[in-house]
Amino acid sequence: MMDNFTPNRFVDELNQAGIPEEFHGWLSAHGVGALVVKMGIRFTELSAERTVATMPVEGNTQVAGILHGGAHVVLAETLGSFAASLHAGQDRHAVGIEVGATHHRSIAAGTVTGTCTAIHLGGTLATHEIVITDEKGRRLSTARITNMIRDNRPQRTDGPGGALAD
């Protein structure tokens, strides 16, 4: 059972993921997400214009022993989504509408770094490019994600069980 009422119940998760304290109040209700934790993603920079994180290869490999292509995309989408959410701000949210990746070379051990750079930060769309490199700085993959920026809907509490979903 999850505790939905304790303030900052994800503080340990946020700290382990490298999230700066200035973002804890905003992210404390949801944390960074179970997949981010499972993949071992750790943020080292966090802004709408540039977001950087690392991820271990170990535990994220495919049957051939190399980093799974989907793991590249998880890292890329995580970085792009966090950056777009920061651009959107607390009264708005980002919704991914397109993601694509090209894999350039494989890696079987070590840590990869994803660097997410804004291509376009508009009022309704945010597009980022994510370059994933190995510890020697060699490009492993290049991804691009576009997020739609939406206004948050006010929570409705007029139903029998509390908040209603649309």
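Modeller: Gladly, and strands come first. Helices (H or I, at least four residues) and strands (E, at least two) are DSSP runs numbered from the N terminus, and two strands pair if DSSP finds at least two bridges between them. This is a predicted model, so to speak of a local feature we need pLDDT of at least 70, and of a side-chain atom pair 80 or more, while totals for chains, interfaces and linings use all residues. Residues are numbered from 1 along each chain as its sequence is written, and side-chain values use heavy atoms, with hydrogens and water left out.

Biologist: In what order do the strands of the open sheet lie?

Modeller: Read across, the six strands go E1-E2-E4-E5-E6-E3, with antiparallel pairing. E1 (42-45) and E3 are the edge strands, each pairing on one side only. On average, neighbouring strands are turned by 25° against each other, direction ignored; such angles run from 0 to 180 degrees between N-to-C directions, and the axes are lines fitted to C-alpha atoms, for helices over the stretch in contact.

Biologist: How many bridges does E2 make with E4?

Modeller: Seven, in the antiparallel sense, and Ala53 stands opposite Gly114 of E4.

Biologist: How many bridges link E5 and E6?

Modeller: Nine, again antiparallel, with E5 covering residues 125-133.

Biologist: Which strands does H4 lie across?

Modeller: Contact means heavy atoms within 4.5 Å. H4 lies across E1, E2, E3, E4 (111-121), E5 and E6, and runs at about 40° to E6.

Biologist: How do I read aromatic pairs, and how many are there?

Modeller: Rings of Phe, Tyr and Trp (its six-membered ring) pair if their centres lie within 6.5 Å; planes under 30 degrees apart are stacked, over 60 edge-to-face, and the rest tilted. The count here is one aromatic pair. Phe43 and Phe82 form that tilted pair, 4.8 Å centre to centre with 45° between the planes. The pair links distant parts of the chain, with Phe43 in E1 and Phe82 in H4, 39 residues apart.

Biologist: How much space lies in the largest pocket?

Modeller: On a 1 Å grid over the protein atoms alone, a pocket is an open set of points where a 1.4 Å probe fits, with protein on both sides within 12 Å along at least five of seven lines; lining residues have an atom within 4 Å of a point. Points are joined across faces, edges and corners, and the volume is the space filled by probe spheres set on them. Here the largest pocket holds about 500 Å³. Of its 19 lining residues, Leu27, His30, Gly31, Phe82 and Ser85 are the closest to the centre. H2 (24-27), H3 (34-39), H4 (69-88) and E3 each give two or more residues to the lining, and the largest share, four residues, comes from H4.
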